[in-house]
Amino acid sequence: ARPITGAEYDVVVIGAGFSGLYALYRLRDLNAKVICFEAGDGVGGTWYWNRYPGARVDIESMQYSYSFDEDLQQEWRWPEHYSPQPDLEAYANHVADRFDLRERIRFGARVNRLRFDEAANRWHVRTDRGDQVVAKYVLAAAGSLNAENIPQFPGLDSFQGQWYHTANWPREEVDFTGKRVGLIGTGSTGIQVAPVVAETAGHLHVFQRTPNFSLPSKNRPLEPEYEREWKENYTERRAAISQDPGAVYWANPADRSIFEFTPEEREQILNKAWGSKGGFEFIRCFRETMVNLEANEIVAEFVRNKIRQTVKDQTVAELLCPKTYPFGTKRLCLDTGYYETFNRENVTLVDVRSDPITEITPTGLKTTAAAYDLDIIIFATGFDAMTGAMTRMNVTGVDGMDLRDKWRDGPTSYLGYFVAGFPNLFMIHGPGSPSVLAQMITSGEAQVDWVVEFIEHMEENGYERVDTTSEWEDNWSAEVNVVADYTLYKKADSWYLGANIAGKPRVFMVYVGGFDRYVQRCNEQVEAGYEGFVLSR
Ligand code: NA7
């Protein structure tokens with residue numbers, strides 16, 4: 001399609017991932033003139049880009065799916081409990097077609113400039129394929145985890161093999177057969193990649209800086225009985241999800257204190273949860289796990305012992321055991337055979353905490369103490385999370401303020417949606433929102449609903465502009481911090497804190513007070529007469 005120039009829209013949606021698609025669907029209610037710019041050539045966002053081997057969602061698909069349309073959730077069939085990337089991408093495509101959303105999307109169009117015109121109260125939006133449009137509102141559904149982080153090791157340009165970042169994986173299959181593969185990073189992504197690549201690679205070196213806690217996913221084909229049960233109870237279960245801090249449904253909610261049990265009983269309870277098919281339900285064994293260090297350590301040691309029992313070489317097992325931060329304070333992983341992978345002859349774990357990578361060479365990479373010959377390097381090194389999507393778009397607001405300057409000391413927001421000085425710009429899953437600590441499709445739906453209602457209010461009342469103030473940003477960041485301080489989350493160098501990116505300011509960016517509480521807080525501010533918002537005509 002040709003670039004669009006000179007057109008005026010009511011709303012520009014950025015991103016055709018799950019939130020962006022739902023926004024297109026909802027904005028129809030407003031009869032608004034809407035255009036969506038999507039950097040990829042297809043819909044799905046995270047599930048379009050992350051097509052690396054082993055990519056899989058770690059919330060079960062009966063939940064990690066849209067709730068807005070009863071026929072959709074009844075008719076759609078998920079083959080597996082935890083869908084692999086192709087199934088999620090297929091679902092996004094189905095939704096785009098089923099609800100006729102595609103005609104409003106311009107693909108291969110990455111927004112690279114957003115400028116607010118104060119006199120007219122309009123955003124000027126440009127993309128890298130030459131689109132230039134004007135809009136009253138911008139709804140940025142550009143993703144919490146999409147700006148990839150490629151560590152700047154010297155020499156990457158000289159590498160003669162192939163290298164990939166997992167979030168920018170090629171569409172054609174990469175053949176690992178017999179190849180010497182280096183995998184850098186052991187977060188959720190690396191943990192999914194390693195077992196799959198190890199199956200065909202000649203040799204796999206896993207370069208680990210920080211070990212992560214991972215739970216067995218017990219992924220399996222979706223049992224018809226289980227599917228039926230969900231579909232018969234969707235209404236009740238979605239209602240329960242909307243009241244849950246993580247926006248998930250718990251089949252066996254447990255509200256027990258770990259301190260009421262003997263060590264043997266605790267072990268039994270944890271063992272049962274470990275062996276169950278409940279995935280993250282393990283973290284709900286006891287109520288204090290994420291808020292009390294002593295309770296947390298009991299659970300952490302249980303998981304370490306599982307690692308020790310699984311991995312045969314005890315030196316490797318100890319390296320795989322996280323010991324420097326509490327259980328769950330870096331994003332917990334779900335895996336399929338991750339720890340078992342290290343029992344294979346063709347897999348070697350390299351500790352790059354004690355022996356860091358110093359450079360990439362034409363034939364592989366070097367650490368301070370050794371050199372490794374590699375044909376393929378996989379960067380599973382994560383993202384400039386929460387803020388990267390916004391800061392990479394070249395956004396200027398009131399008085400020409402650059403968003404990167406505004407966020408120099410860390411991101412600010414009011415309710416995760418607004419940044420003072422950037423009027424009429426709404427972020428979905430922005431810094432200060434629950435982001436990945438709530439199931440993101442449901443949370444995205446709720447956020448989009450809130451934004452659409454906000455826009456509706458403005459239109460019905462003839463408002464031209466909404467902004468917030470730095471005072472209200474401070475209030476919100478105080479709230480974000482108070483709830484985080486109640487938990488153990490700040491005790492880890494995680495991407496929630498920006499700690500994974502060299503030089504990024506350390507600010508806790510995720511609202512951990514719960515999805516339910518978050519929705520309530522946003523509604524309260526509206527009900528209090530749009531408190532914290534500066535609306536003008
Ligand atoms: P993560 O969780 O940020 O993991 C990235 C991994 O890459 C992590 O192990 C990092 O170690 C490692 N890393 C990053 N930079 C380097 C350098 N310079 N050297 C060595 N190792 C490095 O990203 P994922 O893609 O796995 O997961 C992102 C989210 O997607 C996940 O949380 C889920 O919500 C889904 P570190 O721990 O920083 O020491």
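Helix α14 (residues 440-460) comprises 21 residues and spans 30 Å from its first C-alpha to its last, close to the 30 Å expected at 1.5 Å a residue; the expected span is 1.5 Å times one less than the number of residues. Helices (H or I, at least four residues) and strands (E, at least two) are DSSP runs, numbered from the N terminus. The model is predicted: local features need pLDDT of at least 70 and side-chain atom pairs count only at pLDDT 80 or more, while totals for chains, interfaces and linings use all residues. Residues are numbered from 1 along each chain as its sequence is written.

**Helix α14 and its packing against α1**

- Helix α1 (residues 18-27) packs with α14 at an angle of about 35°, their axes being 9 Å apart; axes are lines fitted to C-alpha atoms, for helices over the stretch in contact, and angles run from 0 to 180 degrees between N-to-C directions.
- The crossing of α1 past α14 is right-handed, that is, the near helix is turned clockwise from the far one by less than a right angle.
- On the α1 side, the contact involves Phe 18, Ser 19, Tyr 22, Ala 23, Arg 26 and Leu 27; among their counterparts in α14 are Met 440, Ile 441, Val 448 and Val 452. Two residues are in contact if their C-beta atoms, placed from the backbone, lie within 7 Å.
- By class, the residues of this contact are 8 nonpolar, 3 polar and 3 charged. Ala, Val, Leu, Ile, Met, Phe, Trp, Tyr, Cys and Pro count as nonpolar, Asp, Glu, Lys and Arg as charged, and the others, Gly among them, as polar.

**The sheet β13-β14-β15**

- An open sheet is formed by 3 strands in the order β13-β14-β15, with antiparallel pairing; two strands pair if DSSP finds at least two bridges between them.
- β13 (357-361) and β15 (371-373) are the edge strands, each with a single partner, so one side of each has no neighbour in the sheet.
- From one strand to the next, the twist averages 20°.
- β13 and β14 (residues 364-367) run antiparallel and are joined by 4 bridges; they form a hairpin with 2 residues between them.
- Within this pairing, Glu 359 has Lys 366 in β14 as its bridge partner, and Thr 361 stands opposite Gly 364.

**The ligand shell**

- The ligand is surrounded by 21 residues, the closest being Gly 185, Gly 187, Thr 189, Arg 331 and Gly 382; a residue is near a molecule if its C-beta atom, placed from the backbone, lies within 6 Å of it.
- Helix α5 (residues 188-200) supplies the largest share of this shell, 3 residues.
- The shell divides into 9 nonpolar, 10 polar and 2 charged residues.
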